[in-house]
Amino acid sequence: MRRVLRPLTRRGLLSGTLGSAALLVAGGTLAGCGTPAGQQTEQGCVSEDLSGSEKTLTFSNWPQYLDVDSDDESKRPSLDGFVRESGIQVTYTEDINDNNEFFGKVQHQLAACQSIGRDIMVLSDWMAARMIRLGWIQKLDPSKLPNVEANILPSLRGRSFDVDNQFAIPWQSGLAGLAYNGRVTGEIRTVDELLTRPDLKGRVTALSEMRDTMGLLLMSNGHDPAAFTPAQFDDALHKLQRAVDSGQIRRFTGNDYAPDLAKGDVAACIGWSGDIIQLGFDDERITFVVPDSGVLLWSDNMLVPNRASHRANAQELINYYYDPAVAARLAAYVNYICPVQGAQAEMEKIDPELAANPLIFPDETMLAKARVFMTLDEQQERAYETKFQQVIGA
């Protein structure tokens with residue numbers, strides 16, 4: 001099994017050059033042209049399913065987000081298994097590098113009820129929520145997804161933007177929490193320690209992803225990131241502003257904090273679980289921490305866009321990846337949270353060490369502290385992002 005720190009992780013790509021700041025341009029509008037995004041309805045934008053006669057499927061995903069054979073990277077064991085079992089030929093493309101960038105590629109077609117040439121695309125919670133809100137995603141048939149119904153983690157049911165899992169099925173999940181390098185600092189347990197402890201001054205980074213950083217700060221103030229008020233957001237933002245003004249926070253980052261944390265140039269940070277797992281393979285003193293106040297849970301989701309012509313084939317693939325044995329094979333490579341119950345037992349057959357890793361298979365104690373960031377409407381998204389960007393100096 002491949003165990004190397006990949007130079008740019010999938011979650012890091014999320015906060016690349018077209019990350020949070022681009023939301024201020026693209027959020028809910030046709031980016032760059034200032035016209036309202038085209039709202040669609042199920043009745044007004046009808047999709048024809050040709051799966052009965054066409055055993056094909058086009059699948060768009062993020063780079064390095066699918067297992068490959070360590071001896072031959074042209075082979076993708078889990079996906080190759082699906083092709084053999086189903087007879088469905090899959091065109092797999094790693095062409096999603098950033099949520100907003102991808103939105104810019106497809107928004108004009110989806111707004112006009114036109115095909116984007118894809119049957120499945122994988123997008124993060126907030127972008128999935130936006131596309132569902134715009135009516136650009138086909139509803140799934142739960143009777144064709146028995147593995148999903150049986151095996152999806154309880155913590156991923158009832159999400160505010162898709163309460164009944166009718167549109168978005170998690171591909172992989174992850175946590176935003178705290179991390180520290182035990183070679184250069186002592187243990188940290190709370191967000192307040194990170195933001196105020198004198199020995200950490202100037203040696204701390206936080207994430208430029210608004211939902212992750214602000215979600216953790218909201219929880220540190222005793223508020224629920226899944227249901228907060230503007231005043232509560234402002235209180236958390238003021239706490240962040242104080243840490244910036246005092247020099248406690250060195251900078252705000254995508255996943256480029258990881259090399260600095262590994263070297264000890266950064267002592268502690270707000271970070272992502274997948275990054276810390278990878279760093280921990282080389283140095284076990286680099287530790288991910290679930291803050292006492294709680295941790296943020298996020299997912300990247302499989303979606304079937306409007307006018308995709310192979311919905312039934314897509315549903316067959318979605319259901320396949322919720323087989324615990326298949327899910328374990330995938331998780332052994334990507335090292336994010338596996339959204340499938342039963343996969344941990346299967347992972348024990350592959351790699352007992354990974355099966356015991358709570359950042360891939362969180363226990364009930366960890367999941368009890370996990371929250372999902374509130375789904376925002378267009379107005380909220382713009383307002384909160386603008387305030388956050390002003391504080392972090394983006």
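Modeller: Helices here are DSSP runs of H or I with at least four residues, numbered from the N terminus. Keep in mind that this is a predicted model.

Colleague: In which helix is Arg211 found?

Modeller: The run to look at covers residues 210-220. Arg211 falls in that run, which is helix α8.

Colleague: Is Arg211 buried or exposed?

Modeller: A residue counts as buried under 20% relative accessible area and as exposed over 50%. Arg211 has a relative accessible area of 8%, so Arg211 is buried.

Colleague: Which side chain does the side chain of Arg211 join in a polar contact?

Modeller: A polar contact needs a pair of N or O atoms within 3.5 Å. The contact in question is 3.1 Å, and the partner of Arg211 is Glu381.

Colleague: Which element gives the largest share of the lining of the largest pocket?

Modeller: The largest pocket has a volume of about 350 Å³ and is lined by 16 residues. Elements that give two or more residues to this lining are α11 (273-282), β8 (286-289) and α15 (352-355). The largest share is 4 residues, and the element is α11.

Colleague: How many charged residues has the lining of the second largest pocket?

Modeller: The second largest pocket holds about 300 Å³ of space. Its lining has 15 residues, with Glu42 and Lys139 among those nearest the centre. Asp, Glu, Lys and Arg count as charged. Beside 4 nonpolar and 6 polar residues, the number of charged residues in this lining is 5.

Notes. Residues numbered from 1 in each chain as written. Predicted model: local features only at pLDDT ≥ 70, side-chain atom pairs only at ≥ 80, totals over all residues. Heavy atoms only, no water. Buried < 20%, exposed > 50% of the residue type's maximum accessible area, 1.4 Å probe, protein only. Polar contact = N/O pair within 3.5 Å; in protein donor to acceptor, adjacent residues only side chain to side chain. 1 Å grid on protein atoms, 1.4 Å probe; cavity = no way out; pocket = protein on both sides within 12 Å on 5 of 7 lines; lining within 4 Å. Points joined across faces, edges and corners; volume = space filled by probe spheres on them.
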